[in-house]
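Please read the following account of a single chain alongside its coordinates.

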Amino acid sequence: AAGNVPDLKSGASARSAAEEGMSSGRSQGMVLLVALLCAVLRGARPPSCKCSVLAMLNRCAVTCDDDTRLQRVVPYLLAVLSDASALVRAHALRSLTATLALVESFTPSDSKVFPEYIFPSLSLVSRDAEELVRVTYARCVVSLARTALRFLTRAQYLDQLQLQQEQQLLGTSQADAEAAADAARSGARYEEDLSSLRAEVRQVIQEYLTPAGQARGG
């Protein structure tokens, strides 16, 4: 009778392995689909077609993993911001904002993605010649700022966690002093990055409120 009792642990392990395999296969499939949509977008000509592809890419970003969002979807959406069509540029801005808001986890190397990559790439958008693009950016900037703050806070947490782990491993008075100094530097970097983020948002708002001709030096 004992031989007829199912091995629950083995069954759970098998299900877990099957779920991991399905998740991995789904993730790889989404990477291929994203690459295909980016290729289609690159070859599309009418703005309406580009906007349709951007909408599909946006829907794909919902089911992608965070690495695919950051490493594949985001760079392409930023590239589309230079499109000749204001409609496409505005659509790309909305898709970019939505995709970044979906990201929950990232590597330490991506912790500076906003100050070093996203905001510099958006520096000219607030001064775009088309009002549609400027208005869209003004509507998106609050969500972008929230996401940037979340990235910054998460990076600070990971930094502090690493410092605590190093302190526990060393466990000496010298290590305690070094850890305290590192924590102070980390806190100072956080405050500096937070100040930069606030300045970026203020600049966008100021440029939006400035008359278009004056913003372009006219």
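This is a predicted model: local features need pLDDT of at least 70, side-chain atom pairs count only at pLDDT 80 or more; totals for chains, interfaces and linings use all residues.

Residues are numbered from 1 along each chain as its sequence is written, and side-chain values use heavy atoms, with hydrogens and water left out.

The chain has 8 helices and 0 strands; helices (H or I, at least four residues) and strands (E, at least two) are DSSP runs, numbered from the N terminus. Along the sequence the pattern is therefore α-α-α-α-α-α-α-α. Of the 218 residues in the chain, 36% are buried, where buried means under 20% relative accessible area, exposed over 50%, and partly exposed in between (1.4 Å probe, protein chains only). Contact means heavy atoms within 4.5 Å. Among contacts between residues at least 6 apart in sequence, 72% join residues at least 24 apart.

Helix α2 covers residues 47-63. The expected span of a helix is 1.5 Å times one less than its number of residues.

At V73 the helix bends by about 35 degrees, and a proline, P75, follows within four residues. The bend at a residue is the angle between axes fitted to the seven residues ending there and the seven starting there. D65 caps the N-terminal end of α3, with a side-chain oxygen 3.3 Å from the backbone nitrogen of D67. Buried residues of α3 include D66, R69, L70, V73 and V74.

What is the angle at which α3 and α5 pack? Helix α3 and helix α5 (residues 113-121) pack at about 35 degrees, with their axes 10 Å apart. V74, P75 and L78 of α3 and Y117, I118 and S121 of α5 make the contact. By class, this contact has 5 nonpolar, 1 polar and no charged residues. Axes are lines fitted to C-alpha atoms, for helices over the stretch in contact, and angles run from 0 to 180 degrees between N-to-C directions. Ala, Val, Leu, Ile, Met, Phe, Trp, Tyr, Cys and Pro count as nonpolar, Asp, Glu, Lys and Arg as charged, and the others, Gly among them, as polar.

Helix α4 (residues 86-102) contains R89. R89 counts as buried because its relative accessible area is 9%. Its side chain makes a polar contact with the side chain of D128 (2.9 Å). A polar contact is a pair of N or O atoms within 3.5 Å; within protein, one must be able to donate a hydrogen and the other to accept it, and residues adjacent in sequence count only if both atoms are side-chain atoms. Leaving out residues up to four places away in sequence, R89 touches V80, L81, E130 and V133, among others.

H91 also lies in α4 and is buried, at 18% relative accessibility. With neighbours within four places set aside, H91 is in contact with C51, L54 and A55. H91 and K50 are 41 residues apart in sequence and 9.2 Å apart in space, C-alpha to C-alpha.

V103 is in the loop between α4 and α5 and is buried, with a relative accessible area of 0%. Not counting residues up to four places away in sequence, V103 touches D66, R69, L70, R150 and F151.
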